[in-house]
Every structure is written in structure tokens, then in C-alpha cells.
Amino acid sequence: MTFNSIEFIIFYPIVLLLNFITPHKYRWIPLLAMSLWFYMSYSAELIFLIVFTILASWICSLIIERSQSAFVRKLCLVITLVVCLGILAFFKYYNFLADSAAGIVGLISGTKPDFSLNLLLPVGISFYTFQTLSYAIDVYRGDVKTERHLGYYALFVTFFPQLVAGPIERPGNLMPQLKEPHRLNAADASKGAKKMLMGFFKKIVVADLAAVYVNAIYNDPENAPALGIVIATVLFAVQIYCDFSGYTDIAIGCARIMGYRLMQNFDRPYTARSIAEFWRRWHISLSSWFKDYLYFPLGGSRCPKAWMNYRNLMIVFLVSGLWHGANWTFVIWGFLHGAYQVVGKLTRKRRDALYDKMGVNREGKVYAWAQRITTFILVDFAWIFFRANSTSDMGILLRRLFTAWNIPPAEVFSHMGMTLVGGLTVVFAILIMNQMDSLVNHYDEPDGSGALVRRGVFVYLIWAILFAWMILLQSGSAGTFIYFQF
């Protein structure tokens with residue numbers, strides 16, 4: 001069951017009805033039951049994994065808070081880390097490591113063995129694992145109190161809007177809200193519905209439409225023209241943003257209608273003027289998680305030696321790459337983003353001195369736009385590694401990016417299946433999406449001018465979503481969300 005499925009259109013009103021007719025004291029029961037049902041619609045046979053993760057982290061956290069022994073507290077934290085990360089590592093990374101080991105053996109012996117297992121990747125395991133870890137670590141640090149009610153803690157981990165693709169919630173934000181009484185009110189319903197519509201527009205009208213042209217290039221790298229790779233990569237940047245932020249918008253909207261406020265996960269990342277700023281705006285819940293639970297514990301930027309800070313950055317981004325997928329393409333993608341920041345820090349003083357010598361106005365709009373364009377190009381280049389289906393495909397795409405420029409634009413568009421109408425439709429949809437992002441903040445509050453409301457744009461969004469969704473369902477092109485695989 002995905003947000004853009006008919007099943008969800010039936011499921012969500014049932015959740016709303018059960019949520020608001022149930023007395024506040026017992027509301028956690030139908031919410032937890034429906035959240036588990038939502039998860040089991042993906043992989044019912046793996047429900048025991050999330051249940052085991054919940055029980056292990058909850059019991060260990062109870063002991064951590066009650067125990068006066070530093071050894072016992074640390075031991076329980078280690079057990080939580082081993083259990084949660086062990087399950088994640090086995091199901092997500094075993095075959096990746098086994099294949100890599102088999103490749104090394106094959107190079108030595110000449111025969112590549114097969115160490116792989118037939119494993120089913122649990123949906124959302126990276127998200128709910130990090131959520132349970134943040135809870136256990138915060139309890140250990142004394143930042144939050146242990147939730148003694150197992151039902152509320154289980155609901156915190158499995159809350160269906162953000163269960164399978166985030167945002168990765170912190171216990172200090174979501175846990176207290178689960179216990180607060182929430183009534184259906186017009187303000188929350190209106191703002192939540194609008195946020196959901198924005199998410200559906202991003203996913204169905206923009207992301208799924210762009211995916212058709214992206215797949216035409218990336219699924220056939222041997223025949224990909226260079227111009228096609230450039231266009232497809234730019235469209236993939238749009239696709240992955242609209243796909244992931246679209247999911248987040250729908251999740252935030254779903255929760256908002258019920259009275260819950262999830263954390264912000266995106267803040268117009270492609271307007272960033274540096275790679276560091278991009279990561280403050282992109283997948284905020286994950287970026288802040290790595291900052292709080294990995295980067296700062298490693299020493300962050302407050303290290304006695306500059307190289308230690310660079311090491312910390314590289315570790316964080318290599319781990320971030322692995323978090324996104326068990327493939328060397330993701331590791332290289334993470335390495336690139338880490339290298340971008342390290343090089344940026346190493347060259348900052350020289351660049352500033354050069355700009356001063358050239359008389360560049362670093363406070364002007366031209367300089368700001370030059371930074372935005374440069375940042376987008378660097379991010380977009382890294383997306384090639386992220387989107388490539390394999391390392392071999394990645395190599396082919398990079399080679400053809402620098403060699404296959406002799407193909408006329410008309411043939412490129414034909415190869416991608418892009419007509420004039422199709423291309424203009426994508427551009428128009430992107431412009432509308434950008435306008436929505438610029439006029440509405442995280443909680444879907446219109447700007448001071450109220451322009452978004454006065455223009456009645458949401459009426460048009462409904463018709464655009466329904467029209468595009470019907471076409472996609474009929475053609476079988478309605479895709480699942482990209483981040484479900486992570």
C-alpha cells in the first residue's frame with residue numbers, strides 16, 4: 001500500500017474515523033493497529049523484525065534509565081546498537097558484502113563463488129532503525145525520559161505516515177504529541193489536506209512524469225547520448241526531489257489532519273549556495289541525525305587538527321552513502337559529497353582572496369546565483385552515481401557523457417521518447433511545483449500576501465493530480481516512492 005494507491009484512498013479515511021471516534025485514552029490502540037496493518041501490506045512476513053526491534057530497544061532503555069551502574073547502562077546501549085544495526089546490516093548489506101567478497105575471491109582464484117542469500121529487504125528498515133536508535137541514545141544521554149507505556153513507544157516507531165520513508169522523527173518531538181488530545185478541526189484539516197495535495201502533485205504529476213524520460217536513458221546506458229544523459233540527470237534531480245519531498249508532504253499532511261506535526265524534511269535544497277547548505281536543506285531529518293549521533297561524537301569540527309574534521313566529514317558521508325543503498329554507486333555518491341565539502345574547506349581562503357583581488361561583489365545577486373548554479377551542477381553530477389543501476393552502468397554513462405556528443409538533439413529527444421508537448425508539460429509542472437515551494441512554508445501556512453489561496457491553485461492541483469493519476473494507472477506507470485528501497 002503506497003500513498004499513491006487506491007488502497008490508501010480507502011485506508012486513510014478509515015484511520016481518521018477510528019482515530020476521532022475512539023476516546024483519547026485508548027486512541028493509541030487503533031492507531032497502532034492500523035500502523036502495523038499499513039506496514040504488513042508491504043511485507044507481512046517480516047513484521048516480527050520491527051516488533052523485535054521495538055521490544056529490544058524498549059527493554060534496554062528501561063534498564064538504562066533505572067540502573068545506577070555505568071557498566072550496565074553502557075552494556076544495554078551496546079546491546080540495542082548491536083541488535084538494531086545487526087538486523088539492518090544482515091538484511092540490507094549481507095548480499096552486498098558477500099558479492100564484494102566473492103569478487104575478490106574470483107580475482108584471486110579465477111572462479112567467482114556465490115555467497116549470496118535469498119533475502120527480502122524489509123520496507124523502511126533504515127528509517128525505523130534510526131528512529132529506535134535515536135530513542136535509545138537520547139535515553140542514555142538523559143535527553144529524554146523512558147516511555148514506560150509499550151503501546152505508545154511502539155506507536156512512536158510505527159506511526160504510519162512516516163514509517164517507511166520518514167521523516168526520521170525524534171522522541172522529543174513526536175512522543176509527547178502521541179499522548180496529547182487531538183480533535184478534528186478545520187484549520188488542521190485544511191492545512192493538512194493542502195499539504196497532501198502538494199505532495200501528490202509532486203509525486204504523480206512531476207516525479208512519475210520525469211521518471212519516464214530518466215529511465216529511457218539510465219536503463220539503456222550503452223546507447224545513451226551525452227545530451228540525453230545531461231537532460232536525464234537534471235530531470236532525475238527533479239524526480240528524486242519531487243518523489244521524496246512529495247512523500248514527506250503527504251506524510252506531514254496525513255499527520256496534520258489528525259493533529260500531529262512531523263518535523264521538516266526539505267527546505268528548497270536546490271536554492272542552496274554551497275554543498276554544506278544543500279545538506280542543511282535536503283533530507284533534514286537524516287542529515288541532523290548523522291550530525292547529532294555520528295559527526296558530533298566523532299569530534300565534529302572542533303578537532304585539534306583540521307585533518308580530523310575532514311576525516312569526520314568523509315566518515316559521515318560514506319556512511320550516508322551506505323545508508324542509502326547496498327551498492328558501490330551509493331558509496332561513491334557519498335564519497336563525492338564528502339569530498340566536495342573537504343575541498344571547499346581547503347580552498348575557501350584562496351577562493352576568497354582571489355575574489356577580492358578580482359573585485360567580485362560577494363554580497364551581490366550575481367555572485368549568489370553563481371554559487372547556486374555551481375552547487376546544483378556539483379549535486380547533479382553526483383546524482384549520476386546515485387541513479388546508475390550498477391558500477392558498470394556508471395562507467396558507461398560517464399564515458400558516453402564525454403564522448404557521445406555527435407548525436408543531433410532531435411534524435412536525442414526521440415531516443416528519450418520526449419515530444420514537444422511532453423517536454424513542455426514537464427517544464428510547466430516543474431514551474432508550478434517551484435511556485436508552490438516558494439509560497440508555502442513547512443506547515444503549509446500561506447505567505448503574508450495570501451497569494452496561493454487567492455489564486456485558487458489547489459483546485460487546479462486536484463484536477464491535475466486526478467488526470468495524471470488516471471493516465472499513470474491506466475498505463476501501469478504509477479511508480480512506488482524511490483526511498484522505499486532504502
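This is a predicted model: local features need pLDDT of at least 70, side-chain atom pairs count only at pLDDT 80 or more; totals for chains, interfaces and linings use all residues.

Me: Is Thr 233 buried or exposed?
Reply: A residue counts as buried under 20% relative accessible area. Thr 233 has a relative accessible area of 3%, so Thr 233 is buried.

Me: Which residues is Thr 233 in contact with, leaving aside its neighbours within four places in sequence?
Reply: The helix that holds Thr 233 is helix 9. Leaving aside neighbours within four places in sequence, the contacts of Thr 233 are Tyr 218, Asp 380, Trp 383 and Ile 384.

Me: How many helices and strands does the protein chain have?
Reply: The protein chain has 486 residues, and buried residues make up 52% of them. Among contacts with a separation of 6 or more, 76% are between residues 24 or more positions apart. As for helices and strands, the counts are 19 and 0.

Me: Which residues touch the most other members of the largest nonpolar core?
Reply: The largest nonpolar core holds 131 residues. Its largest share, 18 residues, comes from helix 9. The residues that touch the most other members are Phe 8, Tyr 12, Phe 130, Phe 159, Phe 160, Met 258 and Trp 383.

Me: What is Tyr 12 in contact with, leaving aside its neighbours within four places in sequence?
Reply: Tyr 12 is one of the core residues that touch the most other members. Leaving aside neighbours within four places in sequence, Tyr 12 is in contact with Phe 160, Met 196, Gly 253, Cys 254, Ile 257 and Met 258.

Me: At what angle do helix 2 and helix 6 pack?
Reply: Helix 2 covers residues 28-43, and its axis is 9 Å from the axis of helix 6. The angle between helix 2 and helix 6 is about 40°. That makes helix 2 oblique to helix 6.

Me: Which residues make the contact of helix 2 and helix 6?
Reply: The crossing of helix 2 and helix 6 is left-handed. On helix 6 the contact is made by Gly 151, Tyr 152, Ala 154, Leu 155 and Thr 158. On helix 2 the residues are Trp 28, Leu 31, Leu 32, Ser 35 and Leu 36.

Me: Which residues of helix 6 does helix 3 meet?
Reply: The axes of helix 3 (residues 47-66) and helix 6 come within 10 Å and cross at roughly 125°. Helix 3 passes helix 6 in a right-handed crossing. From helix 3, Ile 50, Ile 54, Leu 55, Ser 57 and Trp 58 meet Leu 150, Tyr 153, Ala 154, Val 157 and Thr 158 in helix 6.

Me: Is Arg 268 buried, partly exposed or exposed?
Reply: Arg 268 is in the loop between helix 9 and helix 10. Its phi is positive, about 45°, although Arg 268 is not a glycine. With a relative accessible area of 29%, Arg 268 is partly exposed.

Me: What is the relative accessible area of His 283?
Reply: His 283 is placed in the loop between helix 10 and helix 11. Phi of His 283 is a positive value near 40°. His 283 is buried, and its relative accessible area is 0%.

How values were computed:
Residues are numbered from 1 along each chain as its sequence is written. Side-chain values use heavy atoms; hydrogens and water are left out. A nonpolar core is a set of buried Ala, Val, Leu, Ile, Met, Phe, Trp, Tyr and Cys residues joined through side-chain atoms within 4.5 Å. Buried means under 20% relative accessible area, exposed over 50%, partly exposed in between (1.4 Å probe, protein chains only). Helices (H or I, at least four residues) and strands (E, at least two) are DSSP runs, numbered from the N terminus. Contact means heavy atoms within 4.5 Å. Axes are lines fitted to C-alpha atoms, for helices over the stretch in contact, and angles run from 0 to 180 degrees between N-to-C directions. Angles under 35 degrees count as roughly parallel, over 145 as roughly antiparallel, 65 to 115 as roughly perpendicular and the rest as oblique. A crossing is left-handed if the near helix is turned anticlockwise from the far one by less than a right angle, and right-handed if clockwise.
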